[in-house]
Protein chains: 2
Amino acid sequence: MAEIKLFEKDPYAPIRYVYEVDQVLYRGRSPYQEFAVVTNPFFGRMLILDGVVQFTERDEFYYHEMLAHPALHAMQAPRTVIVIGGGDGGVVREVLKHPTIEKVYLVDIDEEVTHVAREYFPTVSSGLSDPRVVERPMDGAIFLKEFEGKADVILVDSTDIVGFAKSLFTEDFFRQARRVLEAHGVFVTLSESLHFHLPLVREVQNRLRAAFPVADLYTAPIATYPGNWWCFAVGSQGTDCRVPVRDAVTPTRYYCTDIHRSCFIPRFLYDRIMEEGRESL
Amino acid sequence: MAEIKLFEKDPYAPIRYVYEVDQVLYRGRSPYQEFAVVTNPFFGRMLILDGVVQFTERDEFYYHEMLAHPALHAMQAPRTVIVIGGGDGGVVREVLKHPTIEKVYLVDIDEEVTHVAREYFPTVSSGLSDPRVVERPMDGAIFLKEFEGKADVILVDSTDIVGFAKSLFTEDFFRQARRVLEAHGVFVTLSESLHFHLPLVREVQNRLRAAFPVADLYTAPIATYPGNWWCFAVGSQGTDCRVPVRDAVTPTRYYCTDIHRSCFIPRFLYDRIMEEGRESL
């Protein structure tokens, strides 16, 4: 059988991931990034941006559930949510499982992500046609700066913390997020791998601490992100995201109340992560 | 710079892992397997058996701590421990951190693993010279069948559940383990990845359930085992391994009481794993 391989291009990962490719369904380019959609015998369809796997049909639920649900379950009735990045709709799909949601702003700078997701990943983009979703294709940092309303939750679902997503990880951006959030609001952003990028995880925590009274960190196991032990960084004005305040929405495949309670980094490890200069636990 | 790569040979993983290689320190062969010791700029020294990464200097502590400590902390005073496989000494090193330990049987069929570890991985093999360690280089299944004493804990630290390690995953082997264990005893064995080998995880649980009144499952994040979300399967006659009964030993780098409490699979996910025919969560 013909050996056709995808060599993932992740310059920050010390293990290179190589995938079998059955079909190349799409190749294209937007003003921001290069697109590929391929099929793999195990993972099904895979979305690849600038050579880096963003998600696969088989395992996208881990990431999308875990970005959305801990923050949303830390409050009784989230109404307004801002998703920055996430043009594929996976996070929006999870947000809409919460019955109190009235409005979801989807702010992805690259509309082509949405087009490709609608075409090739219908189970991911399924929530995008919901009337509560307002698409604002623009830079998330500018959106927040100009936004005059309030939000209960802000979720950043960007590409890695390099390249054009860098503006979403500055202290200034975090301060804007705090300004926009309600007093009980929660901000969540991806924060790379504890195995491979511990100093970066610490740096994001430090920037969050400068902008928010409370910063925290939880993880999820994601097979297709190098390093796998994937981090989510949390900022709030006091809401303790570790404590779910209501029953888990349904249906989910990974998130549940017990996962919520166990996904946050124990204090013993958190303190080690925050030790200046430490490269691994 | 010369690009020298290790392509890991794991026929059961849908992602191929590729590592940079600086130096090849050793290549050899025993009657059981082929050995390589290489260095990598991120992971340091790596032990590779039959083409599969067994551990690296940088991250071996996750696996060795998490194989040893949950079972040992589920009882007040473990005295006798049997380690099957684990000739490198990493698990023995962790076991010896418990002050009540009187005897550790190390039963690795392949003495060459110990020789290579003593030569190239002194921080892993460091416990092997302890007078409480009794080396018994033989098949672990035969050792258990012939063993006339009792043990508090049995830990299986083998290669993957294929090839010559298969005899360590039969129902008969699990029954022998139960026979050898004290009434409060705990048996732990590796159980592959929840991302990549869910049916195998279920099969090991089913075989454990046939041999032990209690079977359970916990995980640890390990970057160098494909699928990463690594499973450990537990059998006991009633001891609830989820509950640590004393303070965590020191020093550790990952294991702590909070990790012990959070590493077990929530019932919501456990029930999904056990659904016959299910391939992913």
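This is a predicted model: local features need pLDDT of at least 70, side-chain atom pairs count only at pLDDT 80 or more; totals for chains, interfaces and linings use all residues.
Local features are taken at pLDDT of at least 70 and side-chain atom pairs at pLDDT 80 or more, whereas totals for chains, interfaces and linings use all residues. Residues are numbered from 1 along each chain as its sequence is written, chains are lettered from A in the order in which they are written, and side-chain values use heavy atoms, with hydrogens and water left out.

**View 1. The two chains and their axis.**

**View 2. The interface of chain A and chain B.** Each chain brings 37 residues to the contact, which means heavy atoms within 4.5 Å. About 3,200 Å² is buried between the chains, with 62% given by carbon and sulfur atoms; this is the accessible area (1.4 Å probe) that two parts lose on being put together, summed over both. In chain A, the residues that lose the most area to chain B are A:Ile15, A:His195 and A:Arg253, together 17% of what that side buries.

**View 3. Cysteines without a disulfide.** The structure holds zero disulfides (cysteine sulfur atoms within 2.5 Å) over all chains. The sulfur of A:Cys231 lies 11 Å from the closest cysteine sulfur, in A:Cys263, which is too far for a bond.
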